[in-house]
Amino acid sequence: QAELLNWLTPPGVDKSYDAIDGEKLHRYVREQAAISVKYRDAGNQFWGRIAGMPSGTDTQNWIKDKFKEIGVPYETVTIPVPAEYPKSWGVDVSSNGKSIHLSSAFPLIDFPETAGSLNGDRELETVWMSLGQESDFLGKDVRGKAVFIYSIATPNVLIQSSMWMESVGRAQKAGAAAIFVHVAIPGNMKYVSHLVGGRARDIQVPVFTIGDDDGRTVEQMNAAAKGAGLRTHVRWEVGEYPDLKQDIVIGKLPGMTDENIVMLSHTDGFFEGASDNAAGTAAMLGTAEYFAKMPKEKRRRTLYFVALVDHHSGDLSVRWVRDKLFQSVFPIKD
């Protein structure tokens with residue numbers, strides 16, 4: 001178990017900020033992660049703190065409880081957050097009588113919009129395409145087949161070699177029926193990736209990431225089969241949820257002038273979502289608690305603390321803040 005780091009207040013900074021308890025903020029992170037895990041354990045394959053779903057509602061209710069505990073008055077605004085989310089999927093690869101289930105397979109973040117259909121069940125010939133550079137495609141027909149691409153996380157799973165080498169887009173244009181991006185990070189982790197810029201957006205193909213252990217196994221199967229006879233069975237179902245709603249929670253601490261500060265944090269996140277964005281939400285709560293203990297006459301500005309609901313699935317709550325809250329908080333003056 002790693003030990004928590006204790007960061008000292010830098011020289012010249014008001015020592016009163018030492019009152020913000022880092023260990024308490026860490027507990028906030030763990031409590032948010034527990035909401036995600038509860039949703040996973042309820043049987044949801046696409047899991048985390050998902051806007052509009054029960055885990056999203058639990059998170060916003062948790063925010064309300066924290067505002068009550070730390071003494072920050074709040075109000076809520078309910079907005080529609082219609083969405084399409086993957087409900088279930090599975091990927092199995094077979095060759096020479098051997099079959100493996102790719103437990104790390106996970107759809108791209110915008111899978112419902114880019115897969116081409118809400119449901120699919122395909123048995124496909126399979127091609128291992130290495131890094132997916134132009135030379136790798138020479139002499140290989142991938143039309144109607146499953147394509148596996150090895151991708152180096154440079155620098156991360158959002159910006160990786162299959163993106164900036166245009167490997168995924170190249171496979172789409174060549175007619176691939178499904179694409180699997182093997183993310184070369186040790187272990188067998190699941191990833192939610194955008195691959196922005198790494199595909200042809202006008203060509204709809206189901207794209208999944210897979211972990212390193214699964215990817216290595218597929219490559220070894222391909223090598224044993226001498227590049228022939230590898231097959232992939234991929235299936236998926238996307239759920240449509242047009243009637244989802246969620247509460248934006250807005251804490252407010254009045255100040256002594258007409259100046260305003262707005263602090264935003266999105267509360268949704270994939271998987272445990274500790275760094276994205278439970279840590280940010282914890283920081284917002286820690287800041288709110290610090291100023292809630294301060295008498296109003298010592299708060300120069302009015303402070304708003306806004307818990308957004310859907311950064312990862314549409315940013316509708318950000319649009320509400322822009323169009324509604326900012327118009328009243330930051331009015332344009334002649």
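A pocket, on a 1 Å grid over the protein atoms alone, is an open set of points where a 1.4 Å probe fits, with protein on both sides within 12 Å along at least five of seven lines, and its lining residues have an atom within 4 Å of a point. Grid points are joined across faces, edges and corners, and a volume is the space filled by probe spheres set on the points.

Hi everyone. What you see is a predicted model, where local features need pLDDT of at least 70, side-chain atom pairs count only at pLDDT 80 or more, and totals for chains, interfaces and linings use all residues. Residues are numbered from 1 along each chain as its sequence is written, and side-chain values use heavy atoms, with hydrogens and water left out.

Let's start with the pockets. Eight of the lining residues are nonpolar, eight polar and two charged (Ala, Val, Leu, Ile, Met, Phe, Trp, Tyr, Cys and Pro count as nonpolar, Asp, Glu, Lys and Arg as charged, the others, Gly among them, as polar). Which helix gives the largest share of that lining? That is α8, with three residues (helices are DSSP runs of H or I, at least four residues, and strands are runs of E, at least two, numbered from the N terminus).

The largest pocket has about 470 Å³. Among its 16 lining residues, N6, W7, I20, D21 and G22 are closest to the centre.

Now for the charges. Side chains of opposite charge can pair when their charged atoms come close. The whole structure has 17 salt bridges, each a side-chain nitrogen of Lys or Arg within 4 Å of a carboxyl oxygen of Asp or Glu.

Take K38 and D58, whose closest N and O atoms are 3.8 Å apart. K38 sits in helix α1 and D58 in helix α2, so this pair ties together parts 20 residues apart in sequence.

Next come K64 and D247, which meet at 2.9 Å, N to O. Here helix α2 is linked to strand β11, across 183 residues. Are these two partners buried or exposed? K64 is buried, at 13% relative accessible area, and D247 is buried too, at 19% (buried means under 20%, exposed over 50%, partly exposed in between, with a 1.4 Å probe and protein chains only).

Finally, R216 and D212 pair at 2.8 Å. Both lie in helix α7, four residues apart, about one turn of the helix. R216 is partly exposed at 47%, whereas D212 is buried at 5%.
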